[in-house]
There are 2 protein chains.
Amino acid sequence: MKVLLVHAHPEPASFCTALRDTAVDALSQAGHEVTVSDLYRERFNPVAGPDDFGSRRNPDYLVYSLEQRNGWQSRTIAPDIAREAERVLESDLLILNFPIFWFSVPAIMKGWIDRVFLSGAFFGGKRIYDRAELTGKKALVTATLGGRDHMFGPDAVHGEINGMLRHLLQGTLGYCGFQVLQPFYAYHVPYISDEDRRQWLADYRSHLGSVETLPQIPMPTLDNFDDVLRPLTRPA
Amino acid sequence: MKVLLVHAHPEPASFCTALRDTAVDALSQAGHEVTVSDLYRERFNPVAGPDDFGSRRNPDYLVYSLEQRNGWQSRTIAPDIAREAERVLESDLLILNFPIFWFSVPAIMKGWIDRVFLSGAFFGGKRIYDRAELTGKKALVTATLGGRDHMFGPDAVHGEINGMLRHLLQGTLGYCGFQVLQPFYAYHVPYISDEDRRQWLADYRSHLGSVETLPQIPMPTLDNFDDVLRPLTRPA
């Protein structure tokens, strides 16, 4: 498999970085080809804006998604966006590796999504979920957090963690057609012992060993919706 | 009331900007004092990193939240962060005004949250939800999106929109103690007539007219959890 691992952590010596290195090592040893986009190291620009387009369909009024389509088709989109989009399109597996900030990705990774997940190339108006352009690819979220695992679950204080991250798992990755694998969450990371951290790394290596057969998070199928995406009524 | 309106849109002439201006006008006319943080215009830096701290508790290893606490207490945190955090602390109502990008805020606003929502000043280890520092303040999410309203709901293709935004409504605003008001969502914005857009603005003015009595989204109460935030078991 071709793997694109997108990593974002402000501390180069972080445990999250050790997860990145574990993934590169484990997947390479298993014969996969891994490319890393290290957003902090590359000082990736996360702010979607008018400078992302070398030529504009409408120079007077910016509708970002329409300019994405135009910029991709006319090959005038910013070079950093084109490079990252091509990396996604060439990969079979996308890994997002990050510390959870506010139950989501850090802003630098949010901007990677805002700028690189191109309307027209990754999805279209009604080409979403199982009709989107990226169907057939897999995506894995690997995230560290300070909270403990008992803080997540149906009766827990924050509710289900996959529910907190639904905007990412379903609304972003599933929306573009990815098969979204069960995420790998490492809990309570700043407060645990080095031995516990080594155990998390071993667990992650094992998780990655079964990456081709991991369970997937269920996604909507457009078979259940009409041509303006209203739910189909079915015979009782 | 003192109101802080945080606005982020890459197009200065956008409908989202008209929502901002409507809020400033309606709230000022009602006697409230409104401050606007316009993140694109101010070129707000959204990337949380080591440069956010003038002096470090630990210069060799960055744990962002620990340095936030230290930087706030010692008044050595970056001036843009200090200014924005003080604006939040001085306000009674926070309005986040943005176009929905990937079922969340644009990266520049995510970075405003990552950098400004300070550990120690806005919340602490177990000072979250109804024990957090910002209890008593209200928050309103005002967002534009391309999707139609029938795409959201219990049986709709994307599920509930407040569920998609749970990381923001509960995981960010509720977490810090805000009373989170029912959001104002303007749907299908790029595709509707100018007359329909004027109607959205009139509806928003009316929504803001009842801002002190709008329904709130339910949040967890720590009364139901023990001192490590495990659910309390109750007699049957």
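The axes of α4(A) and α4(B) cross at roughly 170° and come within 8 Å of each other. Axes here are lines fitted to C-alpha atoms, for helices over the stretch in contact, and angles run from 0 to 180 degrees between N-to-C directions. α4(A) and α4(B) are therefore roughly antiparallel, a label for angles over 145 degrees, while under 35 is roughly parallel, 65 to 115 roughly perpendicular and the rest oblique. Helices (H or I, at least four residues) and strands (E, at least two) are DSSP runs, numbered from the N terminus.

The contact (heavy atoms within 4.5 Å) is made by A:A107, A:K110, A:G111 and A:D114 of α4(A), with B:A107, B:K110, B:G111 and B:D114 from α4(B). By class it has two nonpolar, two polar and four charged residues. In this scheme Ala, Val, Leu, Ile, Met, Phe, Trp, Tyr, Cys and Pro are nonpolar, Asp, Glu, Lys and Arg are charged, and the others, Gly among them, are polar.

## Basis of the model

The model is predicted; local features need pLDDT of at least 70 and side-chain atom pairs count only at pLDDT 80 or more, whereas totals for chains, interfaces and linings use all residues. Residues are numbered from 1 along each chain as its sequence is written, chains are lettered from A and ligands numbered from 1 in the order in which they are written, and side-chain values use heavy atoms, with hydrogens and water left out.

## Surroundings of α4(A)

In α4(A), 10 of its 10 residues are buried; buried means under 20% relative accessible area, exposed over 50%, and partly exposed in between (1.4 Å probe, protein chains only). These residues pack against β1 (2-7), α2 (64-73), α3 (79-90), β3 (93-99) and α6 (166-174) of chain A, together with α4 of chain B.

A:D114 belongs to helix α4 (residues 107-116) of chain A and is buried at 4% relative accessibility. Its side chain reaches the backbone nitrogen of B:A107 at 2.9 Å. Leaving out residues up to four places away in sequence, A:D114 touches A:A48, A:Y64, A:Q68, B:F101, B:W102, B:P106 and B:A107.

## Nonpolar cores

The largest nonpolar core has 124 residues, and A:W112 and B:W112 have the most contacts inside it. Such a core is a set of buried Ala, Val, Leu, Ile, Met, Phe, Trp, Tyr and Cys residues joined through side-chain atoms within 4.5 Å. Apart from it lies another core, of 19 residues, including A:L93, A:L140, A:L201 and A:L214.

Beyond residues up to four places away in sequence, A:W112 touches A:L4, A:V6, A:L39, A:F44, A:E84, A:V88, A:L94, A:L96 and A:F117.

## α3 and α4 in chain B

Helix α3 (residues 79-90) and helix α4 (residues 107-116) of chain B pack at about 90°, their axes 9 Å apart; α3(B) and α4(B) are therefore roughly perpendicular. B:D80, B:I81, B:E84, B:A85 and B:V88 of α3(B) meet B:W112, B:R115 and B:V116 of α4(B). Five of these residues are nonpolar, none polar and three charged.

## Individual residues

A:P231 sits in the segment after α7 (194-209) of chain A and is partly exposed, with a relative accessible area of 36%. Neighbours within four places in sequence aside, A:P231 is in contact with A:N224, A:F225, B:D155 and B:A156.

A:R75, in the loop between α2 and α3 of chain A, is exposed at 71% relative accessibility. A:R75 has a positive phi of about 55° although it is not a glycine. B:H188, also not a glycine, has a positive phi of about 60°.

Technical notes
Polar contact = N/O pair within 3.5 Å; in protein donor to acceptor, adjacent residues only side chain to side chain.
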